[in-house]
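Please open the structure in your viewer and keep the sequence beside it.

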Amino acid sequence: MNDAIVVINAGSSSLKFSLYSVINQQLQREAHGQIEGLGKAARFKAQKRESGVSAERTFEKSVGGFGYHEGFSYLADWIRDHFHDALSLLAVGHRVVHGGADFGEPTLIDAAVVEKLEALIPLAPLHQPHNLEAIKGAAKLRADIPQVACFDTAFHRGRESVTERFGLPDELFLAGLRRWGFHGLSYESIASQFRQIAPGLASGRVIVAHLGNGASLCAMKNGRSVDTTMGFSVLDGLPMGTRCGAIDPGVILFLLTSMTPKQVETMLYTKSGLLGISGVSNDVRELLASKEPLAAEAIDYFAYRIIREIGSLTATLGGLDALIFTAGIGENSCIIREKVCRGLSWLGIEISAEANNTGKRCVTREGATPSVWVIPTDEEGVIAAQTLKVVSHRGH
């Protein structure tokens, strides 16, 4: 029987998971899936690697709802029923959005760690509580199983302080009002993969475009974060599916003259971005298919801001050797990639239409500089590897 690690990525109403076997300290994903509709009528979906068999089940809404504890309990039962002869649970790894100043490395979770992570909820109010609910749900079910927190902010630690500051009094910077940066698990995945794919380029000046419903850019040198577009919160930087992106703080002050802080927060997080501009959808696929003029304007604004921020990060790096697209939109939308790269022709970027449209990994001709790549991110793989490292060290 082999050890196994479960990776949990908890959202506001969903619990995504991946199950990895551990064989000679090597990880192999055995199954993945998610539970959607937590707190309502939840739906479980999973797929096993070896058989390719899919499993689905819908749970009727019950008194108190079907929450994180119930979700993890059902997941544990499903794993036991399907892998009890082959796998023994070693640890659970969690994606945690905010690690603050205290957590720059994956960390074994105990009561003191949970308390510190709870104190960070005001810095990530729409993400941190759900991450913690999943941790508490797993602990309630199996207190004997070690849990490891892996942080989206950690990859950006160690940058020059000038890239972290706002133009605010220093005491506020010391109190935590700084540009933390997010999507770090995705960026670590890409940096690791790129070192294997193109080691010469990976040691140079690279910009990664993580484009999904949440979107950001990261400038790297030698695989380490130099600067990033997300700042104090996941609202900053690029416009996203429903989030505004960078905005003049004067706009917030003006909105507060006629709206409550909660109303402003709701608008900025859930009613802005591509959805807010278009009035149609937050889904790029639907916007590209729409004939509504504002749908086209939302797409143009999205591409424009990406182009503008890549230009800014190129200046930070002192040039550009490679541009990498990843995440849902970055990996799958050849139209968005083409629009962005066309706007970066001044950098010398020229992609092959055939390579871009047919899903090639490198979409520029061989030897072209800067080169452009499409690399799927694997945040779950990073969490599994970090979790294994922590529990292996603990065992020693």
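Predicted model: local features only at pLDDT ≥ 70, side-chain atom pairs only at ≥ 80, totals over all residues.

Residues are numbered from 1 along each chain as its sequence is written, and side-chain values use heavy atoms, with hydrogens and water left out.

**Whole chain.** Begin with everything selected and colour by secondary structure: the chain has 15 helices and 13 strands, which are DSSP runs numbered from the N terminus (helices are H or I with at least four residues, strands are E with at least two). The radius of gyration is 21 Å, close to the 21 Å from the globule rule for 396 residues, so the chain is as compact as a globular protein of that length; this radius is taken over C-alpha atoms, and the rule is 2.2 Å times the number of residues to the power 0.38. Along its principal axes the C-alpha trace spans about 60 × 55 × 45 Å.

**Helices 2 and 3.** Next select residues 111-118, which form helix 2, and residues 128-141, which form helix 3; their axes lie 10 Å apart and pack at an angle of about 160 degrees. Helix 2 is therefore roughly antiparallel to helix 3, a term for angles over 145 degrees. Show side chains to see Val-114, Leu-117 and Glu-118 of helix 2 meeting Gln-128, Leu-132, Ile-135 and Lys-136 of helix 3, where contact means heavy atoms within 4.5 Å.

**Helices 11 and 13.** Now move to helix 11 (residues 293-317) and helix 13 (residues 334-342), whose axes come within 9 Å and cross at roughly 50 degrees. Helix 11 contributes Ile-299, Asp-300, Phe-302, Ala-303, Ile-306, Ile-307 and Ile-310 to the contact, and helix 13 contributes Ile-336, Lys-339 and Val-340.

**Glu-366.** Finally, select Glu-366, in the loop between helix 14 (353-357) and strand 13 (371-374). Is Glu-366 buried or exposed? At 79% relative accessibility, Glu-366 counts as exposed, the cut-off for which is over 50% relative accessible area with a 1.4 Å probe and protein chains only.

How values were computed. Axes fitted to C-alpha atoms, helices over the stretch in contact; angles between N-to-C directions. Parallel < 35°, antiparallel > 145°, perpendicular 65-115°, else oblique. Buried < 20%, exposed > 50% of the residue type's maximum accessible area, 1.4 Å probe, protein only.
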